Amino acid sequence: MMPVEEAQDELKHLLSRCERWLCDEEGPRDILPDAAGLADDAARMEALRTRVLSSMLNVALLGRQSSGKSFLISGLQGGLEYVPVTDEDGMPAAEFLGVLPSSARPTTACPCTVVPVGEEAAEEGAGRARLRARFAGGRVEDIGTDLPPAVVAAYGAVDGDVTNRRREHMNLRVESIEVLLSDARLPVKLFDLPGSESPIEEHEIIMREAWAKADCFVYVSHATSALSVNELQLIRDLYGHHMQSNANKRVLWVLSGIDLATQREQGQAAWKSVLATNNAYLRTHFGAPGGRFIGEGFLPVSAAWEAEGDFRNAQGDDGDTLRRLSGMETLRDHLRDLMESGAGHAHLRQVADEARWLVRRRQRQLADMLDTHLLAVEDLEAQQQGLRGRIAGAERSLDRIRSELGRELQRRIRAARAPFGGLADVLHRQLDPLIDGGNLSAEHANEVDVLQVQLFSRWMTSAEGPATLWERELQAFDASARQLLRADLGVDTGTQLVSPEPLDTSYFPMQTDGRQPLTAYGVVQAAANTLGVASPLAAGAVWLTTSLSLATIAVPAGAAVLTAIAIAKVTDLLKDRESKVQRARQERKDMIDEQVKRARSAFENVTHSQGRLLIDAVEHHHAQHQARLKATLAQIMERINAEDTVRSRAVIERVAPVNQSGQALVTELQDFRDALGNDLTPR
């Protein structure tokens with residue numbers, strides 16, 4: 001496979017050629033009847049080139065509030081500045097200025113994305129970091145470039161002073177902010193997501209959307225405190241997302257702020273004890289077979305040490321030791337490895353597909369025009385009649401194709417969902433003994449939920465599981481759709497005007513109702529997203545712990561209780577608590593049946609949505625073919641009325657080389673995409 005940097009450079013130059021072809025005088029600008037839209041196409045091509053120059057990996061950072069996510073992001077992208085100061089007592093101290101606001105208190109008030117845009121894309125707005133805010137209602141505005149920390153905090157931090165905003169923004173609610181970096185150290189888009197305690201519903205929605213977009217995750221825990229039961233739910237959600245995602249999205253574990261935990265405890269730095277505790281915690285609760293979720297465990301880092309090392313080097317002192325101890329370059333290497341292992345290639349494939357679609361759409365218009373003007377005059381009327389017949393037939397057949405595909409989709413969904421009838425039994429056999437073996441404390445409930453995630457994921461993707469069955473059904477459905485199109489539109493024999501093309505689902509523009517184009521994203525992950533959680537099947541575990549207050553069910557230990565009240569009352573109390581535990585166990589078992597129902601419903605929704613996207617693709621392809629037929633008919637009628645063969649020869653001489661260069665670009669984009677490998681490359 002072509003190295004990512006080499007592929008990035010090749011695609012960048014290829015996109016530049018595509019952009020020139022769309023808007024230069026030697027391109028289709030003065031030929032096509034709807035050339036007004038070429039400027040928009042060229043702008044989209046320029047935006048694609050910016051994407052190639054910027055983010056090759058989408059990374060979501062998770063962790064509890066004040067875990068150091070914002071500080072780490074600033075450091076990762078080289079946006080953290082060490083500033084020596086003198087404190088109020090006259091002692092030497094330091095401050096750190098980053099591209100995002102950060103402090104020891106909960107900082108990020110809303111989701112934030114840090115996007116590298118490349119130096120070329122940033123030339124217009126001089127400066128390194130441009131802040132963009134999205135307000136409630138969807139309005140997006142550029143706030144400014146290289147703004148003071150207080151201004152950035154005013155838009156994106158919990159303790160930000162809104163009086164530092166523009167006057168017209170003071171009373172607006174910010175839903176998310178975006179920082180565009182012109183000279184980032186990594187071509188990586190970083191999502192700084194709210195901590196697990198975020199109470200704002202909109203932030204939760206944005207967070208889940210970012211989970212779906214992410215190629216990998218970085219879970220950040222601060223070195224001054226070890227993982228606790230308070231983080232179980234967030235990590236369990238992440239575990240479920242990992243297990244149910246296509247190719248098991250990687251998770252990197254980061255212990256941040258080790259510079260703040262260097263005091264000696266039991267003969268070593270305090271952060272080393274926290275590191276060992278955190279790794280043991282992960283193994284205890286999430287030690288899945290193979291260890292892919294946990295990987296190497298937590299990586300200790302200090303963005304502060306690296307920033308101070310950079311400062312010392314700039315002053316002519318030795319800062320390399322601090323930089324090495326910071327661990328930041330090791331973390332960057334892990335992210336670079338992920339780019340090289342497939343995620344970067346997937347990003348480039350997607351861009352190449354979109355560029356090819358843009359060029360192919362225009363080149364196909366030129367090819368149809370060229371074929372029309374190559375016709376002999378005596379053939380025009382025959383072709384006119386033939387085109388009218390093909391247009392009428394296509395208009396009649398679309399409803400029939402739509403209906404046939406709709407019925408077939410329902411049949412295939414029924415076939416794929418059939419195994420759900422046995423899912424409850426599978427889960428009960430494995431989960432009921434575990435449920436009965438504990439009191440459903442938070443950690444016991446987590447053990448149940450983790451096992452349920454594992455069972456569900458294995459069952460879904462087994463040889464006869466619904467996800468596997470649906471993959472086969474979707475492939476067969478795709479083949480049926482293509483066969484219907486071939487039967488209706490014909491095949492390219494090279495003997496007719498407006499030759500039909502095969503259905504191409506590698507790229508389609510965003511649907512007008514906001515749905516994503518058809519992708520091989522994976523039914524298991526899509527089901528998890530549809531449910532709104534990555535916990536097992538549904539949000540039942542959350543409901544259970546909040547409605548029963550399980551912390552009060554566990555029987556207390558200690559002689560103080562026995563001596564404080566009469567024995568009979570203690571016995572009654574224990575019986576009552578025992579009955580509460582039994583009720584909780586039974587409710588947890590009953591919940592499995594409800595979760596299975598929800599999972600089946602979600603599966604049906606997801607498979608129906610994927611099938612409908614394919615039907616939409618067929619309709620779009622059919623409509624595009626009809627548009628080509630009608631455009632060609634209009635040109636033939638123009639020729640019949642004018643019978644200007646001299647003009648046709650001029651058109652042929654003008655169009656032929658432009659069409660040839662456009663076809664060459666389409667071929668090169670396809671060859672580039674093929675060189676990157678398929679979409680199923682492990683990440």
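These legends accompany several close-up views of one predicted protein model.

Residues are numbered from 1 along each chain as its sequence is written, and side-chain values use heavy atoms, with hydrogens and water left out. Since the model is predicted, local features need pLDDT of at least 70 and side-chain atom pairs count only at pLDDT 80 or more, while totals for chains, interfaces and linings use all residues.

**Figure 1. The whole protein, for orientation.** Here you can pick out 20 helices and 13 strands. Both kinds of element are DSSP runs numbered from the N terminus, helices being H or I with at least four residues and strands E with at least two. Of the 683 residues in the protein, 49% are buried; buried means under 20% relative accessible area, exposed means over 50%, and partly exposed lies in between (1.4 Å probe, protein chains only). The accessible surface comes to about 31,200 Å², and carbon and sulfur atoms hold 50% of that surface. Areas of this kind come from the Shrake-Rupley method with a 1.4 Å probe, and for residues only the protein chains shown count as cover. Among contacts between residues at least 6 apart in sequence, 80% join residues at least 24 apart, where contact means heavy atoms within 4.5 Å.

Figure 2. The buried residues of H3 are Lys 69, Ser 70, Leu 72, Ile 73, Ser 74, Gly 75 and Leu 76. Just after H3 comes Gly 78, with a positive phi of about 70 degrees. A handy reminder for this view: two packed helices are described by the angle between their axes and the distance between the axes. H3 meets H11 (residues 328–374) at an angle of about 80 degrees, and the axes are 11 Å apart. That angle makes H3 roughly perpendicular to H11. Axes are lines fitted to C-alpha atoms, for helices over the stretch in contact, and angles run from 0 to 180 degrees between N-to-C directions. Angles under 35 degrees count as roughly parallel, over 145 as roughly antiparallel, 65 to 115 as roughly perpendicular and the rest as oblique. Leu 72, Gly 75 and Leu 76 of H3 make the contact with Met 328, Leu 331, Arg 332 and Leu 335 of H11. By class, the contact of H3 with H11 has 5 nonpolar, 1 polar and 1 charged residues. For these classes, Ala, Val, Leu, Ile, Met, Phe, Trp, Tyr, Cys and Pro count as nonpolar, Asp, Glu, Lys and Arg as charged, and the others, Gly among them, as polar.

Figure 3. H14 (residues 442–461) and H15 (residues 466–489) pack at an angle of about 30 degrees, their axes 4 Å apart. This makes H14 roughly parallel to H15. On the H14 side the contact is made by Trp 459, Met 460 and Thr 461, and on the H15 side by Pro 466, Ala 467 and Thr 468. The residues of this contact divide into 4 nonpolar, 2 polar and no charged. Further along, look for Asp 478 in H15, which is buried with a relative accessible area of 18%. Leaving aside neighbours within four places in sequence, Asp 478 is in contact with Thr 505 and Leu 614. Back in H14 sits Arg 458, partly exposed at 44% relative accessibility. Arg 458 and Gln 244 are 214 residues apart in sequence but 9.1 Å apart in space, C-alpha to C-alpha.

**Figure 4. Two loop residues with positive phi.** Most residues other than glycine have a negative phi, and most peptide bonds are trans. Gln 266 has a positive phi near 55 degrees and lies in the loop between strand S11 (264–265) and strand S12 (268–269). Val 498 also has a positive phi, of about 55 degrees, and belongs to the loop between H15 and helix H16 (523–531). Which of the two is buried, and which is exposed? Gln 266 is exposed, with a relative accessible area of 80%, whereas Val 498 is buried at 2%.

**Figure 5. Ser 661 and Trp 21.** Ser 661 has its place in helix H20 (residues 645–675) and is partly exposed, at 29% relative accessibility. Ser 661 and Trp 21 are 640 residues apart in sequence, yet 8.1 Å apart in space from C-alpha to C-alpha.
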